[in-house]
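Here's a quick briefing for anyone meeting this protein for the first time. Have a look at the sequence and the model, then read on.

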Amino acid sequence: MLKYLPSTIAFLYCSLVSAQLPVRNEPRHHNVFENAYVRVLDVFIGPKDTTFYHLHNTPSVFIIFTKTKAGSQLAGKAPVEGINLPGEITYDSLITPRLHRVWNEDSTWFHAMDVELTAVHHRSGIPVLKDPLLKLLFNKKEVNGYSIELKPGSSIQLPASANGYLVISKGETEIDYTINGAVQHRFMKAGHFIWIEAGKISSISAGSQMPASLVLLQLK
């Protein structure tokens with residue numbers, strides 16, 4: 001009978017995964033924007049609160065906005081606790097689906113963002129952007145990720161993108177951004193974002209009084 005045990009466990013785990021809540025439907029993960037390339041989930045977990053077990057199975061970029069003592073637990077595994085730091089940016093292919101729950105051990109809110117990379121097909125040969133103000137964080141099949149640090153009054157030009165850009169603010173700032181010659185002024189807080197459509201030339205300028213700390217996702 002023992003020889004059937006591993007396959008039985010695998011079957012039960014697969015059944016558990018398929019039955020679980022997709023992350024986009026977990027109540028603390030707020031779907032604030034979606035198109036053919038990305039699904040933006042803004043995540044807020046209150047002090048001492050815990051999410052439901054939920055399933056991540058789409059390649060994603062995760063961004064942390066708050067310093068928070070938190071914990072997580074994979075289904076069937078021991079819990080893990082630690083301190084999340086603002087500005088942490090990670091990519092996960094999620095080839096192995098992640099079924100877990102997350103809780104906030106702190107006295108303040110936990111704020112993060114999960115950007116799911118939902119495109120079915122991806123363009124090859126999209127070059128990495130070259131600019132002194134861009135720091136490349138990762139170069140993956142679905143996305144190139146960069147950090148942008150703009151001093152007050154400085155600006156960066158972005159060439160037209162094949163599939164569009166997602167620009168996310170890591171903190172409070174004030175910027176002007178131009179898309180195909182149209183200028184807009186924007187006050188941004190952590191997690192505020194701008195979608196720049198494919199084929200449009202754009203630029204971002206920090207205000208004269210505040211620096212701008214941004215994440216740029218170049219979709220493929």
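**Getting your bearings**

Residues are numbered from 1 along each chain as its sequence is written, and side-chain values use heavy atoms, with hydrogens and water left out.

**Overall picture**

- The protein's secondary structure comes to 1 helix and 19 strands; these are DSSP runs numbered from the N terminus (helices: H or I, at least four residues; strands: E, at least two).
- Its C-alpha atoms fill a box of roughly 70 × 45 × 25 Å, taken along the principal axes.
- Of the 220 residues, 43% count as buried, meaning under 20% relative accessible area with a 1.4 Å probe, protein chains only.
- Take contacts (heavy atoms within 4.5 Å) between residues at least 6 apart in sequence: 72% of them join residues at least 24 apart.

**How confident is the prediction?**

- Mean pLDDT, the predictor's confidence in each residue from 0 to 100, is 93 for the protein, and 91% of its residues reach 70 or more.
- Over residues 1-15 the pLDDT is below 50, and this stretch has 1 contact in the model beyond near neighbours in sequence.

**More on the strands**

- Back in the opening sheet, β14 and β17 pair in the antiparallel sense over 4 bridges, and I168 has F193 in β17 as its bridge partner.
- Another open sheet is made of 5 strands in the order β1-β4-β9-β6-β7, and its pairing is mixed.
- At the edges of that sheet stand β1 (21-22) and β7 (80-84), each with a single partner strand, so one side of each has no neighbour in the sheet.
- Strands β4 (residues 54-56) and β9 (residues 98-104) pair in the antiparallel sense over 3 bridges, with H54 partnered by H100 in β9.

**A look at β15**

- In β15, 5 of the 7 residues are buried, so the strand is largely enclosed by the rest of the structure.
- It runs antiparallel to β16 (residues 182-188), joined by 7 bridges, and D176 stands opposite H185 in β16.
- β15 and β16 form a hairpin with 2 residues between them, and N180 in the turn has a positive phi of about 50°.
- β15 also runs antiparallel to β18, this time with 5 bridges; T178 has S203 in β18 as its bridge partner.

**Inside the protein**

- A nonpolar core is a set of buried Ala, Val, Leu, Ile, Met, Phe, Trp, Tyr and Cys residues joined through side-chain atoms within 4.5 Å.
- The largest such core has 20 residues, of which L158, I204 and L216 touch the most other members.
- Elements giving two or more residues to this core include β12 (143-150), β15 (173-179) and β19 (212-219).
- Not counting residues up to four places away in sequence, L216 touches residues including L129, Y146, L158 and V167.
- There's also a second, separate core of 19 residues, which includes F138, V143, L217 and L219.

Key: Predicted model: local features only at pLDDT ≥ 70, side-chain atom pairs only at ≥ 80, totals over all residues. Buried < 20%, exposed > 50% of the residue type's maximum accessible area, 1.4 Å probe, protein only. Pairing = 2+ DSSP bridges.
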